[in-house]
Amino acid sequence: MSLRSVFFAFFIFLSTLLWAWGPTGHRVVGYVAQKHLTSKTAKKVDAILTSYSLEMCGNYLDFIRSDTQYRHMNAWHYVSIPDGKTYAECDHKSAGDVIQIIEKLVQELKTKEFSIVENEEFAIMALVHLVGDLHQPLHVGLEEDRGGNSVSVNWFGKKTNLHRIWDKELIDHLQLSYTELGNHINRNITKSQIALWQRSTVREWAQESQNLRTACYDFEKDTNLGYSYSFRHTQTMQIRLEQAGVRLAGLLNEIYN
Ligand SMILES: [Zn+2]
């Protein structure tokens, strides 16, 4: 293999790796969270976020991905857990994973001593992003297919991969703005549901994603995905975005109230 083709293969590999809900998904999570903040928390968060609103800041961790000084953060967006195992039974990566980093960010936001990111604003932006990611079932993925990134499928005839369908295509297929989708999924939420979701732990959110991920592979041999796949999974995608928003608000309220 020539050096040039090695570079080319590496570029293709990088370009097929995705680490996050697409832009709309992260905005929905921030938008829903905003609706569930106490007024005290909302004021404090707003004062800390200088460059972006809570709705818009969730994509920051993707914006900086190409900057080499942040490359070590690529490991933060996901966790790999084999079928039939729990997170506690796995070796935890020293580079960090989405569970470790969320727990660390919450701790640092409480103590105001920042070691893994440079300041409080960055910590909030990273938290918005990663609580979202953790709720995408394929971000608690199988190492052997890189959370579905290695699973080639077609989406309405266009070549893509399973991970990307969950990050982006299922959401974009609805053709709603982030405020429209956020209002839709948040419309019937009850106080008891909010309390129940916010009571659970980061590790339980990961376990939920792990439990949900098997169903993401329900297309068997027919890899031409479209209306039927969307019909089967849109509800799950919407619940996961709503849960992520509600729980993010719970964390922020706990930190700033
Ligand atoms: Zn991500």
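User: Which strand is joined to S3 by two bridges, and how do the two run?
Analyst: That is S5, and the two strands run parallel. Strands here are DSSP runs of E with at least two residues, and helices are runs of H or I with at least four, numbered from the N terminus. Two strands pair if DSSP finds at least two bridges between them.

User: Quick check before we go on. What kind of model is this?
Analyst: It is a predicted model, where local features need pLDDT of at least 70, side-chain atom pairs count only at pLDDT 80 or more, and totals for chains, interfaces and linings use all residues. Residues are numbered from 1 along each chain as its sequence is written, and side-chain values use heavy atoms, with hydrogens and water left out.

User: Back to the strands. How many bridges join S3 to S4?
Analyst: Four, and S3 and S4 run antiparallel. They form a hairpin with two residues between them. Phe156 sits in that turn and has a positive phi of about 45°.

User: What stands opposite Trp155?
Analyst: In S5, Leu225 stands opposite Trp155. In S4, Lys158 does.

User: New topic: aromatics. How many aromatic pairs are there?
Analyst: Eight. Rings of Phe, Tyr and Trp (its six-membered ring) pair if their centres lie within 6.5 Å. Planes under 30 degrees apart count as stacked, over 60 as edge-to-face, and the rest as tilted. Tyr52 and Tyr60 form a tilted pair, at 6.0 Å centre to centre and 55° between the planes.

User: Are those two tyrosines buried or exposed?
Analyst: Tyr60 is buried, at 18% relative accessibility. Tyr52 is partly exposed, at 28%.

User: What about Phe156 and Tyr227, what geometry does that pair have?
Analyst: Phe156 and Tyr227 are edge-to-face, at 4.8 Å centre to centre and 85° between the planes. Phe156 lies in the loop between strand S3 (152-155) and strand S4 (158-161), and Tyr227 in helix H12, so the pair ties together parts that are 71 residues apart in sequence. Phe156 is partly exposed at 36%, while Tyr227 is exposed at 64%.

User: Which residues make up the aromatic cluster?
Analyst: Tyr52, Tyr60, Phe63, Tyr70 and Phe122.

User: Now the core. Which residues of the largest nonpolar core touch the most other members?
Analyst: Leu54, Ile102, Leu127 and Tyr229, out of 71 residues. A nonpolar core is a set of buried Ala, Val, Leu, Ile, Met, Phe, Trp, Tyr and Cys residues joined through side-chain atoms within 4.5 Å. Helix H12 (residues 227-256) gives the largest share, 11 residues.

User: What does Leu54 touch?
Analyst: Leaving out residues up to four places away in sequence, its contacts include Gly30, Leu37, Ile124 and Leu252.

User: How many disulfides are there?
Analyst: Zero in the whole structure. A disulfide is a pair of cysteine sulfur atoms within 2.5 Å. For Cys90, the nearest cysteine sulfur, that of Cys216, is 18 Å away. Cys90 is buried, at 15% relative accessibility.

User: Last one. Where is Lys112, and what is its phi?
Analyst: Lys112 is in the loop between helix H6 (98-111) and helix H7 (120-135). Its phi is positive, about 65°, although Lys112 is not a glycine. Most residues other than glycine have a negative phi. Lys112 is partly exposed, with a relative accessible area of 39%.

How values were computed. Buried < 20%, exposed > 50% of the residue type's maximum accessible area, 1.4 Å probe, protein only. Contact = heavy atoms within 4.5 Å.
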